[in-house]
Amino acid sequence: MDPETEGLQIIKVTPLQQMLASCTGAILTSLMVTPLDVVKIRLQAQNNPFPKGKCFVYSNGLMDHLCVCEEEANKVWYKKPGNFQGTLDAFLKIVRNEGIKSLWSGLPPTLVMAVPATVIYFTCYDQLTALLRSKLGENETRIPIVAGIVARIGAVTVISPLELIRTKMQSKKFSYKELHQFVSKKVSEDGWISLWRGWAPTVLRDVPFSAMYWYNYEILKKWFCEKSGLYEPTFMINFTSGALSGSFAAIVTLPFDVVKTQKQTQLWTYASHK
């Protein structure tokens with residue numbers, strides 16, 4: 001054995017450990033990002049009040065969720081009066097007048113979808129990357145692209161029917177019995193494929209983003225390690241690589257994101273009137 005590598009011990013991360021790490025990361029991310037989106041939605045609702053039935057996008061930092069505006073004025077969190085003068089003023093007034101918990105309004109129902117989607121996505125990516133590297137070699141640059149695309153398609157495919165059901169429950173206030181009847185009727189009339197009607201616009205944005213993100217992430221991580229003379233990336237190298245690759249992918253796929261949001265909003269607005 002090479003004396004330089006003799007002291008190195010290869011630590012393999014099990015799928016269960018990957019799932020737990022993804023779950024923890026997903027919850028921490030949503031806790032940090034959600035307040036920003038809550039403030040954004042409150043400012044939007046103040047400037048242009050949401051009429052009943054209007055769809056708006058709620059993001060918890062993990063995935064976008066379409067929410068349908070409810071009728072009860074000033075009772076739902078996004079219709080509470082605030083007289084905000086700007087972003088910082090909104091943060092301070094929400095905390096002072098409504099309590100700090102209001103910064104995470106609407107979060108729990110979305111985590112039911114977002115956390116499983118994140119766990120599936122990252123665990124599949126790690127497992128596929130390890131499998132492809134064992135077959136194609138460590139230096140194959142296409143591995144992150146292929147693994148990222150397959151993992152994202154898999155996560156979106158699993159979550160899409162659940163997101164449709166969540167949106168229906170929120171927009172129509174269905175009981176579980178009524179929800180079962182709705183799903184059964186939809187499947188009998190339009191087939192099982194109708195449960196994935198929101199799949200295409202989501203994949204339109206998520207797949208290009210995922211491919212670019214993982215490719216650039218792996219390239220940057222390797223480059224930073226070489227520049228630092230390190231065998232394994234540190235937390236800061238992982239963080240910086242992720243931030244740079246995520247920013248680049250978000251900018252490039254912004255047009256796809258706009259199209260995705262418009263298509264999903266049109267879809268749910270149409271569905272809510274049926």
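Helices (H or I, at least four residues) and strands (E, at least two) are DSSP runs here, numbered from the N terminus. By that count, the protein chain has nine helices and two strands, and S210 is found in helix α7, residues 199-228. Please keep in mind that this is a predicted model, in which local features need pLDDT of at least 70 and side-chain atom pairs count only at pLDDT 80 or more, while totals for chains, interfaces and linings use all residues. Residues are numbered from 1 along each chain as its sequence is written, and side-chain values use heavy atoms, with hydrogens and water left out.

**Overall picture**

- From the N terminus, the elements of the protein chain follow the order α-α-β-β-α-α-α-α-α-α-α.
- Of the 274 residues in the protein chain, 39% are buried (under 20% relative accessible area; exposed is over 50% and partly exposed is in between, with a 1.4 Å probe and protein chains only).
- Contacts (heavy atoms within 4.5 Å) with a separation of 6 or more come to 67% from residues 24 or more positions apart.
- The protein chain exposes about 16,100 Å², with 64% of it supplied by carbon and sulfur atoms; accessible areas come from the Shrake-Rupley method with a 1.4 Å probe, and for residues only the protein chains shown count as cover.

**Nonpolar cores and surface**

- The largest nonpolar core has 12 residues, including V38, F50, W77 and L107 (a core is a set of buried Ala, Val, Leu, Ile, Met, Phe, Trp, Tyr and Cys residues joined through side-chain atoms within 4.5 Å).
- Helix α2 and strand β1 (55-59) each supply at least two residues of this core, and α2 gives the most, with three.
- A second, separate core holds nine residues, among them Y121, Y125, Y217 and A249.
- L31 lies in helix α2, residues 15-47, and is partly exposed because its relative accessible area is 38%.

**Two serines**

- S210 counts as buried because its relative accessibility is 0%.
- The S210 side chain reaches the backbone oxygen of G148 at 2.9 Å, and beyond neighbours within four places in sequence, S210 is in contact with Y121, G148, I149 and R152.
- S59, in strand β1, is buried because its relative accessible area is 17%.
- The side chain of S59 reaches the backbone nitrogen of G61 at 3.4 Å, while T34, D37 and D64 are its contacts once neighbours within four places in sequence are left aside.

**Salt bridges**

- The structure holds seven salt bridges (a side-chain nitrogen of Lys or Arg within 4 Å of a carboxyl oxygen of Asp or Glu).
- E140 pairs with R142, the closest N and O atoms being 2.8 Å apart; R142 counts as exposed because its relative accessibility is 56%.
- D206 pairs with R205, with the closest N and O atoms 2.6 Å apart; D206 is buried at 9% relative accessible area, and R205 counts as buried at 17%.
- E218 and K221 meet at 3.5 Å, N to O, and both lie in helix α7, three residues apart, about one turn of the helix.
- Both E218 and K221 are buried, and salt bridges that share partners join R133, E218 and K221 into one network.

Notes: Polar contact = N/O pair within 3.5 Å; in protein donor to acceptor, adjacent residues only side chain to side chain.
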